[in-house]
Amino acid sequence: MTTRQKILITGASSGLGEGMARRYAAQGRSLALAARRIDRLDELADELRPAAAQVAVAELDVADTDAVPVVFGKLRD
Ligand SMILES: NC(=O)c1ccc[n+]([C@@H]2O[C@H](COP(=O)([O-])OP(=O)(O)OC[C@H]3O[C@@H](n4cnc5c(N)ncnc54)[C@H](OP(=O)(O)O)[C@@H]3O)[C@@H](O)[C@H]2O)c1
């Protein structure tokens, strides 16, 4: 079984999503973090970058269905 190295988390600015981001960063994975509160994502990314392989952040409201594929595409790239 292969271990996924690139992980996108929506709702990463608090709670379960933030906890998952910390867990995966500690395992050296590459993370894409999305939520509406970009200031919180930026702070979290700064904290996680020393351990994670890569951290990208993007502001996203998942209720904006047009924005979801656009932002996911940018985070993938
Ligand atoms: N089934 C269970 O046993 C169980 C247990 C625990 C939690 N839950 C559920 O799991 C969910 C997460 O819980 P939590 O404690 O982690 O909550 P939380 O601390 O309130 O975190 C919610 C996350 O979702 C993001 N979010 C909310 N609306 C969003 C939107 N429209 N677009 C993008 N991001 C959005 C928030 O980011 P921004 O505000 O920055 O956008 C935040 O990062 C909740 O729905 C909770 O009810 C279920």
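**Entry 1: the core.** I looked up the largest nonpolar core and found 14 residues in it. A nonpolar core is a set of buried Ala, Val, Leu, Ile, Met, Phe, Trp, Tyr and Cys residues joined through side-chain atoms within 4.5 Å. Buried means under 20% relative accessible area, exposed means over 50%, and partly exposed is in between (1.4 Å probe, protein chains only). I9, A21, L31, L33, L48 and V55 have the most contacts inside this core. Two or more residues each come from β1, α1 (15–26), β2 and α2 (38–48). With four residues, α2 gives the most. Helices (H or I, at least four residues) and strands (E, at least two) are DSSP runs, numbered from the N terminus.

**Entry 2: a note on the model.** This is a predicted model, where local features need pLDDT of at least 70, side-chain atom pairs count only at pLDDT 80 or more, and totals for chains, interfaces and linings use all residues. Residues are numbered from 1 along each chain as its sequence is written, and side-chain values use heavy atoms, with hydrogens and water left out.

Entry 3: Which residues does I9 touch? Not counting residues up to four places away in sequence, I noted G17, M20, A21, Y24, A32, L33 and A34. Contact here means heavy atoms within 4.5 Å. Next I picked L48, which lies in helix α2. L48 is buried, with a relative accessible area of 6%. Leaving aside neighbours within four places in sequence, L48 is in contact with A21, R22, A25, L31, L33 and V55. L48 and A25 are 23 residues apart in sequence, yet 6.1 Å apart in space, C-alpha to C-alpha.

Entry 4: Is E18 buried or exposed? I found that E18 is buried, with a relative accessible area of 17%. This residue of helix α1 touches G11, A12, S13, R40 and L44, not counting residues up to four places away in sequence.

**Entry 5: two strands.** I turned to β1 and β2, which run parallel and are joined by five bridges. Two strands pair if DSSP finds at least two bridges between them. L8 stands opposite A32 in β2, and T10 has A34 as its bridge partner there. In a regular strand the side chains alternate between the two faces of the sheet.

Entry 6: A second, separate core has eight residues, including A58, A67, V71 and L75. In α3 I found A67, V68, V71, G73 and L75 buried. Their cover includes β1, β2 and β3.

**Entry 7: the largest pocket.** How much space lies in the largest pocket? About 270 Å³. A pocket is an open set of points on a 1 Å grid over the protein atoms alone, where a 1.4 Å probe fits, with protein on both sides within 12 Å along at least five of seven lines; lining residues have an atom within 4 Å of a point. The lining has 13 residues, and K6, L31, A32, L75 and R76 lie nearest the centre. β1 (6–10), β2 (30–35), β3 (54–59) and α3 (67–76) each give two or more residues to this lining.

Conventions
Grid points are joined across faces, edges and corners, and a volume is the space filled by probe spheres set on the points.
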